[in-house]
Amino acid sequence: MKIPFGKPIIDNKEINAVKKVLVEGTLVHGKKTIEFERNFKNFTKSKYSVAVSSCTAGMHLFYFVNNISKGDEVIVPSQTHLATVHAVELSGAKPIFIDSEIKTGNLNINQIEKKITKKTKVITVVHYLGFPVDMKKIMQIANKYKLLVLEDCALALGAKIYNKHVGNYGDAGVFSFYPVKHMTTGEGGMLITKSKKISNKIKSARAFFVSRDHSNRKLPGIYDCNGLGFNYRMNEIEATLGIQQLKKIPTFLKARKENFIKLLEIFKKEQDIYVPYIKNKNFQSAFYCFAIILKKFSLKKRNKIMKKINKIGIGTSVYYPHPVPRLKFYKKKYYLNKSLYKTATTFSDQIICLPVGMHITRPKMEFMI
């Protein structure tokens with residue numbers, strides 16, 4: 001049996017919808033992107049939503065329209081995908097790394113205030129593996145120091161805190177639709193925000209900051225430019241996929257939760273293994289994957305175990321292979337003492353991530369167990 005770590009669930013509904021768009025011929029600047037934005041806004045119960053070419057693009061745009069630049073500092077978790085920090089670097093600002101807390105792998109909130117300076121402009125949180133960060137605490141800190149808050153929700157579609165979807169607590173939340181995520185558009189992302197100003201600016205900046213989009217031009221091809229912008233748009237094919245995938249999200253999330261709980265029952269009694277998860281009933285996880293932390297094993301031993309699991313046909317992954325400050329580029333630029341990201345290192349070197357997606361049917365789950 002072959003069980004990949006992640007697999008997009010695509011059927012004839014997506015295929016036929018995409019075929020229709022291809023036949024009609026409007027592949028960019030069409031109605032499907034607007035429809036997808038509206039549907040996603042309704043799903044997350046957000047005020048505004050803006051479709052973008054990737055989650056990374058959405059984060060970069062957030063910093064750009066909020067004038068985050070050289071001389072500014074942005075609080076970021078050490079344990080995250082490098083895209084989270086790349087977006088800060090691309091803005092010209094300096095990332096200030098926070099270590100993880102052991103229960104979930106999320107950033108350690110207790111360390112944030114110690115790192116805030118006069119240069120700090122943003123707190124960027126990552127809902128690691130779909131486990132929601134305590135955003136009420138984050139917002140208390142942000143309000144105290146008058147800081148912006150960006151939520152990286154790349155792994156957290158469906159996660160909620162007190163029944164409020166993640167991404168709605170901060171100034172903006174950004175989601176990823178990469179193929180192994182909860183849903184896919186091939187590539188693509190979505191930014192949600194409660195700020196009309198941020199929404200409008202990002203809509204302009206994602207498409208070169210032209211004065212009129214295609215729907216508002218009296219004559220085709222006639223427009224002006226109001227500022228510096230990017231080509232970070234989502235196309236109609238991606239949006240069409242997103243519309244169909246979003247309809248299936250409740251089913252996808254239900255399957256992920258069920259598979260996670262089945263694995264938890266097996267592993268929670270193991271003395272040499274720790275399973276990160278949230279027990280608080282007010283914090284609803286998105287169950288991106290099932291992670292186990294090998295308490296007594298080295299990186300070398302962990303890798304050997306992963307190879308054996310892969311050999312019998314079960315896909316695995318590591319989230320993430322290094323704390324960001326240990327990656328070559330960031331290590332060379334910001335050389336930080338390893339003690340500053342000790343818990344993040346534990347996650348990188350001792351974690352094994354197992355799949356829980358919709359593609360894990362009952363026979364496959366039994367095989368995995």
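Predicted model: local features only at pLDDT ≥ 70, side-chain atom pairs only at ≥ 80, totals over all residues.
Here, buried means under 20% relative accessible area, exposed means over 50%, and partly exposed is in between, using a 1.4 Å probe and protein chains only. Residues are numbered from 1 along each chain as its sequence is written, and side-chain values use heavy atoms, leaving out hydrogens and water.

**Aromatic rings**

- Rings of Phe, Tyr and Trp (its six-membered ring) pair if their centres lie within 6.5 Å; planes under 30 degrees apart are stacked, over 60 edge-to-face and the rest tilted.
- By that rule you'll find 20 aromatic pairs in the structure.
- Take Phe260 and Phe287: their ring centres sit 4.9 Å apart with planes at 55°, so this pair is tilted.
- That pair links distant parts of the chain, with Phe260 in helix H8 (residues 236–267) and Phe287, 27 residues apart from it, in the loop between strand S11 (283–284) and strand S12 (290–294). Helices (H or I, at least four residues) and strands (E, at least two) are DSSP runs, numbered from the N terminus.
- Both Phe260 and Phe287 are buried.
- Phe329 and Tyr330 make an edge-to-face pair, 4.8 Å centre to centre and 90° between the planes.
- One aromatic cluster is made up of Phe5, Tyr128, Tyr288, Tyr319, Tyr320 and Phe347.

**Charges over rings**

- A charge sits over a ring if NZ of Lys or CZ of Arg is within 6 Å of the ring centre and within 35 degrees of the ring normal.
- Lys136 lies over the face of Tyr162, 4.1 Å from the ring centre.
- Lys164 does likewise over Tyr169, at 4.5 Å from the ring centre.

**The nonpolar core**

- A nonpolar core is a set of buried Ala, Val, Leu, Ile, Met, Phe, Trp, Tyr and Cys residues joined through side-chain atoms within 4.5 Å.
- The largest one has 41 residues, and those with the most contacts inside it include Phe36, Phe40 and Phe177.
- Elements giving two or more residues to this core include helix H2 (31–44), helix H6 (135–145) and H8. H8 gives the largest share, 6 residues.

- On a 1 Å grid over the protein atoms alone, a cavity is a set of points where a 1.4 Å probe fits but cannot get out, and lining residues have an atom within 4 Å of a point. Grid points are joined across faces, edges and corners, and a volume is the space filled by probe spheres set on the points.
- There are 2 cavities of 30 Å³ or more.
- The largest cavity has a volume of about 160 Å³. Its lining has 20 residues, with Lys7, Val180, Lys181, His182 and Arg256 nearest its centre.
- The second largest cavity comes in at about 40 Å³, and Arg326, Lys331, Tyr335, Leu336, Lys338 and Tyr341 line it.

- Tyr319 and Tyr320 are joined by a cis peptide bond, with omega about 5°. Tyr320 is in the loop between helix H9 (299–311) and helix H10 (328–334).
- Asn163 isn't a glycine, yet its phi is positive, near 65°. Asn163 counts as exposed, at 61% relative accessibility.
- Phe208 also has a positive phi, about 70°, and is partly exposed at 38% relative accessibility.

Methods: 1 Å grid on protein atoms, 1.4 Å probe; cavity = no way out; pocket = protein on both sides within 12 Å on 5 of 7 lines; lining within 4 Å.
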